[in-house]
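Have the sequence and the 3D view open as you read.

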Amino acid sequence: MTYYGLHGSLTASGGNGPLLAQYLLEAAAMLREAPGCRLYYIGLEPGLPDTVWISEVWDSKAAHDASLQDERVRALIRRAMPLLAGPPAPGRQLDILGGAGLPDPGTAMPA
């Protein structure tokens, strides 16, 4: 069994990278409560302040897709979209095999 992973970046319009990153950090705070979310982190690439990287690990694609139905998440997406320099580039879907900080796939999340 594997986890469902996503890794990609968003490019903000001139100077909006820090605000976009802040919105995504708000999403990270919301997703701490989301069923099946194992990891959601935001990063900036040195020298490219308007490029924001997002990496996610979920128990399943279904858990990820369900998180996108949360109205708080949807509202945050609506706030963030005008900051983008263009359409989001396709991210990478990954079969996550495990790693530091992740229990073996299939292990129940703590209650």
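Ser55 is buried, with a relative accessible area of 8% (buried means under 20%, exposed over 50%, and partly exposed in between, with a 1.4 Å probe and protein chains only). Ser55 belongs to strand E3, residues 48-58. Its side chain meets the side chain of His7 in a polar contact of 2.5 Å. A polar contact is a pair of N or O atoms within 3.5 Å; within protein, one must be able to donate a hydrogen and the other to accept it, and residues adjacent in sequence count only if both atoms are side-chain atoms.

Setting aside residues up to four places away in sequence, Ser55 touches Leu6, His7, Leu39, Tyr40 and Tyr41. Here, contact means heavy atoms within 4.5 Å.

## About the model

This is a predicted model, in which local features need pLDDT of at least 70 and side-chain atom pairs count only at pLDDT 80 or more, while totals for chains, interfaces and linings use all residues. Residues are numbered from 1 along each chain as its sequence is written, and side-chain values use heavy atoms, with hydrogens and water left out.

## The overall fold

The protein has three helices and four strands, and from the N terminus on, its elements run β-α-β-β-α-α-β. The radius of gyration is 14 Å, close to the 13 Å that the globule rule gives for 111 residues, so the protein is as compact as a globular protein of that length. The radius is taken over C-alpha atoms, and the rule is 2.2 Å times the number of residues to the power 0.38. Helices (H or I, at least four residues) and strands (E, at least two) are DSSP runs, numbered from the N terminus.

Along its principal axes, the C-alpha trace spans about 45 × 30 × 20 Å. Of the 111 residues, 37% count as buried. Among contacts with a separation of 6 or more, 70% come from residues 24 or more positions apart.

## Tyr3 in strand E1

Tyr3 sits in strand E1, residues 3-11, and is buried, with a relative accessible area of 2%. A polar atom of the Tyr3 side chain lies 2.6 Å from the backbone oxygen of Pro103. Beyond four places in sequence, the contacts of Tyr3 include Arg38, Trp58, Leu94 and Pro105.

## His64 in helix H2

Is His64 buried or exposed? His64 is buried, at 10% relative accessible area. Its place is in helix H2, residues 61-67. The side chains of His64 and Asp65 make a polar contact at 3.2 Å. Leaving aside neighbours within four places in sequence, His64 is in contact with Tyr4, Leu6, Glu56 and Trp58.

## An exposed loop and a charge over a ring

Gly15 lies in the loop between E1 and helix H1 (17-31). At 56% relative accessibility, Gly15 counts as exposed. The C-alpha atoms of Gly15 and Thr107, 92 residues apart along the chain, are separated by 42 Å.

Which residue lies over the face of Tyr23? Arg79 does, at 4.2 Å from the ring centre. A charge sits over a ring if NZ of Lys or CZ of Arg is within 6 Å of the ring centre and within 35 degrees of the ring normal.
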